[in-house]
Amino acid sequence: MTAQKREERLIDVPASIVAVTATALQRQNAINLADYVAQVPGLTLNSQPGGISQLSIRGISTGTGGNPTVAMYVDDAPVGASISQAAGGSLAPDIDPNDIQRIEVLRGPQGTLYGADNLGGVIRFVLVSPSVHELEARTWVGTEHVQNGDFGYAARARVSFPLIDGKLGFLVSGFTREDPAFIDDAGLGKSGVNEARVAGGRLALLWSVSDTLSVKLSAILNNRRADGVSQEDVDPQTLDPVFGDLQQRRAASTGTTEDILRLYAATVDWNVGWGTLTSTTSYGTLYHTDRLDLTGSFQAAFQPLYGTLGYAEADNIRQRKLSEEIRLGSRPGATLDWTLGGYFTREQSDVGLGVPTFDPVTGEAVPIPDVILDALTPSEFKEYAAFGEVTYHFTPRFSLTGGVRLSHNKQTIVQRFSGLLTGPVDTTSISDDSSTTFLISPQFKLSDRMNVYARAASGYRPGGPNYPTSPPTPLTYEPDHDIDYEIGLKAALPDRMLSFDIDVFYMDWRNIQLNVVTPSGLQYTANAGSASSRGVELSLAYRPIQALDLSLALSHTDAVLEKGLPSGGVGAKGDPLPYDPKFKANLSADYTFGAMRGWLPFLGATYAFNGAERSDFVQSSAFTRIVLPQYQTIDARLGLRNDTWTVELYAKNIADRRGFESTSALNGPTGPYGMTVIQPRTVGLSLIANF
C-alpha cells in the first residue's frame, strides 16, 4: 500500500482506504470506470452526454461541471485538469485494467500529501512495474453480448522482461476493445447507436542503477471514441420511457465523443541512507471532442431565418499538464517519521465551442450565412505547494501524525466570442489565491493486527476568475474548503480468515463553489454557503474455509445543503447534494473447488445495491430535479484455472435491471429527459493466459 507515498500495510494507514486488486478486477470482469466505481461504496459516477464522467466521494459534489472534487493519479503522476474552464471536473480518465496492479480509493480530503481538488478524496491507479529478473507475459481475450443489443470484444496483452538481468527491465502492453451498444434511435431507425471503441497501450522502463538508486520511465496512450450516448428518453414526471425501452431520439451525426489521452512520467528514487529522495515528473495531454444535439433548443428560434435544420454544440478541448513533485522521506522504523516536499504544476488548455448546422435526418452539413457562435477560451493554471508530514511514535503502539500544506494558485482565462448568440467579446480574467490544508491523526495499535485511529483533515479547490459580464457578476470566486472528522477501526486475523475496516465521519464543507444562472441567462461561479456529509463505511473480508472467500462493502452517506442556494439556483437547507446515494453496498462470494486433473473449478456471485439519489440542482423551478430510483444488480461467474490458464463464463446484471446513473433535460423543462442507463443483462466469455 502506497497511499501515503511510502510502503506500508493497509491496516497501518490511519485513513479510510479501499484497495481493489487486479485479482478482484479480473474476477468480476471489471473493464472500465463504471465497473470500478460499482465496487467501492462511497464512490459515485455521474455520466452525461458529451463524454462527461464526473466522480464524487462521500457525496461531496454540486453536480455537473465545476472544479473537480476528486483528484486522480496514475502512480504518482496527477492526471486531468484542475479547473472547470478546462473541463477538469467533467473528464475523469478511464484507465483500462490491462496494467493495473490495484486501485486505491482514499476517502475524505487528502490535503497534505496531495494537491488541489481532493475535497472528497483521491483515486490512485497503481500500475504493474517492469520486471528486471524474469520474463512475465499475460494475454486476455474475451467477448460479451448485451440483452437486445450487440456483441463486444476485448483483447489485451502485456509482456515484461529484463534487458539487463537485475538492472534494466522493459514492459510493453496494448489493448483494444469494443463496448457493446444497447441503445436504439427510434427517429433515425438505427440500432446500437452508443457503441464505443477503446484502444491504447503502455511502455515502461525500470533502471536499477544501483542498490540505492532507481529510475522508472513510462508512457501511456489511450484513445476512446463513442458513436452516441447511453441514454433512454423518459418523461420527467413518471420516468417512463417516451419512445420505448432503451430508445432515444437525436438528430443525425450528434452524440459522438472522442478522447485522446497521453501521459508521460519519470520517477527517480534515491535511498540516501537516512531517507529516500523521490522525484516525479509528468506531462499529460488530453484532446477531447464532442457533438451534442441542440436541435430541440434552437430549431424553433431560428426556423424563421433558416428553415428546418439541425443544431449541435461542438466542443473541442485540449489540455496540457506539466507537474513536478520532489519529496524527501525519513527511513521507516525511527521514533520520528517525516516527509517533506514541494510541488508545481502548470496547466494550459484551449476550449473551442461552435454551433454547426446540418440536415437533422442525414447529418450532412448545411451552411448558413451567419455564425451562431464561435468561441475560444484559452486558460492557464499554476499551482505551487510546499508540504510536510510528521509522525511521532510515543510508544510502539501509540503515534500522532500531523501535517500541513501551503498552496498558491494563479489562473488566467482569455475569452474570445463572436456570433449571433453573444456578439464580439474579447476579455482577459485573472485570479490569484492561497490555501492552507492540514492533517491531525492519532492512532493506537491494540495489537499488531488491530488499529484504532482518529483523523481531522482538510482539502480545498482553487478559486478562479469569472468572465466579465453586463450586468456585472463577481470577477472572481474564492477557494472552497472542507474538513473531515473521522474515527475508524481496522483489524485482521491471522491467515486472512477475517479482516474488517469500519469508520464514521462528518465532513464540513464551507464556501462551496456553485454554478449560478442569473434571470437574464448569464452563468458564473459563486461561493454559495455550506454543506455537510456524514456517514459510516464498512469493508469486511471473511474466509470461513480455505476454499470460500466472502466480502462485504457498504456505505451510508447523508450529504446535504446546510444553507439554501442563492438567487439563480433552486435548493433549500437540508436538500441532498447531487448524485449521492444514501446507501450503497457490494456483497461478493467466491468458491474454489478441489483440483481436477490440474484444474481448479470456481464459481462466484456479486450482489450490488445503489440507493436512490438526486440529480443536479436546477436553475429554475420550471425544471424537475429528478430522483433517480434505487437499483440492484446480480452478477455471476464460473470457470476453470490452473497455473497458466483461466477460462471464465460470466453474466452481469442477470435480472436486467434499468438503473440510472444521471439525467439531463433535452428540450427544456417539459422534457423528455435523457437518463444514462447502466448496461443491461450481459453474458460473456474470457480467456486469460499468464506465462
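## Salt bridges in a predicted model

The structure holds 35 salt bridges. The model is predicted. Side chains of opposite charge can pair when their charged atoms come close.

| Pair | Closest N to O distance |
|---|---|
| R9 and D12 | 2.9 Å |
| D590 and R27 | 3.7 Å |

**R9 and D12.** These two residues form a salt bridge, with N and O atoms 2.9 Å apart. R9 is partly exposed, at 34% relative accessibility. D12 has a relative accessible area of 16%. Buried means under 20%, so D12 counts as buried.

**D590 and R27.** This salt bridge spans 3.7 Å between its closest N and O atoms. It links distant parts of the chain, 563 residues apart. D590 sits in strand β33 (residues 583–592). R27 belongs to helix α1 (residues 22–27). D590 is buried, at 8% relative accessibility. R27 is partly exposed, at 31%.

**K490 and D501.** K490 is buried, with 2% relative accessibility. D501 is buried too, at 9%.

**A network.** Salt bridges can also join into a group. Which residues are linked in a network of salt bridges? They are R58, R107, D484, E486, D503 and E537.

Technical notes: Residues numbered from 1 in each chain as written. Predicted model: local features only at pLDDT ≥ 70, side-chain atom pairs only at ≥ 80, totals over all residues. Heavy atoms only, no water. Salt bridge = Lys/Arg side-chain N within 4 Å of Asp/Glu carboxyl O. Buried < 20%, exposed > 50% of the residue type's maximum accessible area, 1.4 Å probe, protein only. Helix = DSSP H or I, 4+ residues; strand = E, 2+ residues; numbered from the N terminus.
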